[in-house]
Every structure is written in structure tokens, then in C-alpha cells.
Amino acid sequence: TIQEGQTLWAISRTYDVSVDRILEFNEMSQRDARRLRRGSTLRIPGEHETGDLELARVGPARIEDLPPLEDGAYHLLAEGETLWDVAHTYEKTLAEIVERNELDDDAMRSLRAGRPIIIPGLTQDQIRVADPSTSRAGFRHTVGRGQTIWDLARSFRVSVSQLMAANGLDQSGAQGIREGQRLWIPGGRRQAREDGEPQLSRAQQQALRLAERLGLGSVEAGRELLRGRLERRWIRAARGRAGRLPGTLRWPVRNGRFVRGYGSGEQGYHLAMDIAGDIGWNVRAAAPGIVGYSGDGIRGFGNVVILIHPGGWVTLYAHNSMNFVVAGERVPGGGVIAELGSSGISRGPHVHFEFIYDGQNCDPATLFRPGVQHESRLARIPRETWTRPNDRPDGVQCQRRRRHPRSRWVVSE
């Protein structure tokens with residue numbers, strides 16, 4: 001049984017069995033090996049049973065024991081260090097780190113000190129080694145009256161998944177933090193900046209300068225995108241093939257489940273799709289594009305990301321606990337852009353997803369690949385592909401945005 005901080009390579013040393021033999025014996029791939037976590041069990045090949053061996057004494061990975069890399073280098077997480085810290089240190093985006101390490105939603109919430117993280121595009125001599133004599137980065141915080149896990153994440157610029165991992169919280173524990181509870185803030189700063197924004201990498205600072213030149217990133221630009229009003233230069237910045245749409249959409253939350261769809265709600269005002277999931281899960285781009293807006297300035301949506309895609313598609317992802325991208329940043333299809341949450345006007349953790357084109361909200365259901373995920377199955381609905389702007393498939397209905405029938409400001413709760 002794998003203990004805290006252990007890796008497959010450390011276990012192979014302990015039992016004097018090669019990694020390849022363990023993988024073969026357990027019918028696992030290298031990808032499976034990177035997804036092992038505390039509590040997982042492995043069968044160890046050999047003639048003698050060694051179940052009484054105290055595996056807990058095996059410490060975190062050592063660089064020299066890890067398989068050689070041709071496309072990156074290893075960084076060992078330090079105490080209190082977050083993936084955001086790692087991305088900023090090496091001038092990478094969080095999406096790049098997550099994708100290269102194939103971190104799924106649960107793995108993001110269970111990272112611990114000593115875990116090897118692959119940094120793409122670097123050599124081992126470019127990796128910064130933490131000084132083991134330094135104290136654990138972070139501090140204890142006493143939860144105040146009315147504070148939520150999302151308040152703490154925003155105030156101290158730490159993702160909810162990192163707060164959960166540092167304090168051993170499951171979803172119910174994260175949602176149920178109470179006044180007076182003491183929580184460890186990993187890598188956080190006691191004095192949160194008034195704007196509450198995370199420290200930006202050089203690449204993100206460059207992206208913001210690009211957004212400023214394009215006229216993107218402001219609340220006004222976000223509202224224009226919300227209404228499907230795009231400038232030609234915004235579409236060109238999405239860098240797609242001329243006159244061609246992406247064709248299909250990816251499911252924005254890999255393990256997320258459909259809870260309500262297009263045309264639901266009072267008087268059918270809800271021209272969007274709601275996808276439920278656990279807090280701390282990753283929200284991913286439904287198609288490649290450029291970030292047109294990232295912030296919390298559009299009332300009702302909480303933390304929201306709006307993407308512009310080739311050909312003029314627009315997708316919106318609302319109620320996030322934290323946004324990981326900034327305006328002007330280019331993202332690949334399936335790239336991590338935010339963390340699922342319940343900010344803004346929301347009744348529980350979910351992503352409010354909107355698909356907008358040519359001034360109208362459209363039903364994305366038939367465009368999703370692999371499909372619309374319900375509790376335990378994919379919905380049996382037709383699949384459409386939309387690549388030509390003036391040839392909308394019959395299975396994709398569109399109409400003008402509606403206001404909430406009983407609200408002065410909630411455009412689409």
C-alpha cells in the first residue's frame with residue numbers, strides 16, 4: 001500500500017525489483033504509474049512475501065532514482081509549495097505543468113512535499129533546489145465569521161485544491177469549514193494584496209499587454225463577448241484557419257456531470273449548460289483559443305473565464321473558485337483554465353458553460369466529444385460537427401440571450 005510521499009521508483013528500490021517488472025506484474029502503463037497516489041495498492045513480484053517491511057520509512061523520490069527525461073527535468077515539491085509557485089518559478093503556465101504531468105482532478109488535490117514534478121523544456125541543471133533548512137512555506141490562519149474556502153483561496157492566492165491537500169480536506173470538509181477553525185495556508189502570504197490577484201509570470205504579463213493592445217480583458221470587453229459582439233482582430237488573435245470553426249467541443253470537466261441544459265429554468269431563460277463536480281476539479285478549455293476576459297467583474301457569474309475561438313465561437317466558464325489564466329493568454333483545447341467552484345450566484349459547485357456565436361447563445365450538446373456526461377453514462381444524443389460559419393447543423397439551436405425573469409442583474413445564473 002502506497003504511503004504518503006512515496007513514488008513507484010522509491011518502492012522499486014525498497015523491494016529490489018525493477019520498475020518495469022512492477023509495471024508488467026500489475027498490467028500498468030507509464031501513464032498509470034504517474035497517477036498512483038496514497039492508498040493505492042501494488043502487487044510486488046518475487047519469490048518471498050515481504051509484507052512486513054515498513055514501507056513508511058521510504059522517503060520522497062530522489063532525482064537520481066527517477067527515469068531519465070528527454071523533454072524536461074524534475075522538480076521536487078518543497079513543503080508548502082504549490083503548482084502555481086512552480087509554474088511561476090519556471091515561467092510556465094499552470095496548464096503546461098498539469099498536462100505534462102498528466103495530473104487528473106484528484107491528483108491535483110493530493111500533491112505533497114517530495115512529489116516529483118516534470119518541468120517541460122528544461123534540463124536538470126536549470127532546476128532550482130530548495131534549501132532543506134528553510135522552514136515550511138505558509139502559515140496558520142484562523143477562519144473568520146462567514147469565511148468560505150473560496151474566500152481563503154482568493155485572499156491568499158492559493159487554489160482550493162492546494163488548500164484541501166494541505167489540510168487533508170475532502171469535499172464536504174472544504175465546504176464545511178467553520179469559524180475558529182485553524183487551516184494551513186501553503187505558500188500563502190499573510191498580507192493578501194487588496195486586488196486579490198495572483199502573482200503573474202512573465203508570459204502572463206506579456207499576455208496582458210497583448211490583451212490591452214487588442215482591447216480585451218476589461219469588463220466592457222467581457223460584456224461584449226457575453227453578447228456575441230466580436231471585433232475582427234479578436235477573432236484573428238485566436239489563430240484559427242481562415243473561415244473555419246473548430247468543429248467540436250471538449251467536455252469542460254473530465255469527471256463532471258450534466259445537471260441542467262439549454263432552455264431550462266423559469267420561462268426557458270437558461271441558455272447554457274450546468275456541469276456539476278467537486279470543488280478543486282480542473283475546468284478545461286472546450287476548444288483552442290485566446291482568453292478574452294478573466295475576472296469577477298461581471299455580476300452574478302463569480303470568477304469567470306471567457307474564451308474566443310477560431311472563426312468567432314465564444315465559450316464562457318463561470319462560478320470558478322479560481323481562474324488560472326489571464327486575458328490575452330492563448331490556451332490549447334483541453335488546457336486547464338480554472339478550478340471548479342461556487343463563486344457568484346451559485347447553489348453549489350458547478351461550471352456554468354455558455355456557447356455563443358454571432359450574437360446568440362447556442363445549445364452545445366451535440367458538439368461535445370466524447371459527449372454529454374450524465375451521472376454514470378454518456379447521453380444518447382446525435383453528434384454534430386460545425387466547421388463552416390454559415391452552415392449551422394440542424395442539431396444546434398441558437399437564440400438571443402434572455403434575462404432572468406425575476407432579477408434586475410442576473411443575466412444567466
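Which residue forms a salt bridge with R145, and how many Å apart are the closest N and O atoms?

1. The partner is E179: in this predicted model, the closest N and O atoms of R145 and E179 are 3.7 Å apart. The pair links distant parts of the chain, 34 residues apart. R145 sits in the loop between β3 (138-142) and α7 (149-156), and E179 in the loop between α9 (171-175) and β4 (182-186). R145 is exposed, with a relative accessible area of 72%.

2. Two others are described below.

3. R284 and E99 also meet through their side chains in a salt bridge, at 2.4 Å from N to O.

4. E99 has a relative accessible area of 33% and is partly exposed.

5. A further salt bridge joins the side chains of D274 and R260, with an N to O distance of 3.0 Å. D274 is in strand β7 (residues 273-276) and R260 in strand β6 (residues 257-260), and the two residues are 14 apart. D274 counts as buried, at 5% relative accessibility.

Notes. Residues numbered from 1 in each chain as written. Predicted model: local features only at pLDDT ≥ 70, side-chain atom pairs only at ≥ 80, totals over all residues. Heavy atoms only, no water. Salt bridge = Lys/Arg side-chain N within 4 Å of Asp/Glu carboxyl O. Buried < 20%, exposed > 50% of the residue type's maximum accessible area, 1.4 Å probe, protein only. Helix = DSSP H or I, 4+ residues; strand = E, 2+ residues; numbered from the N terminus.
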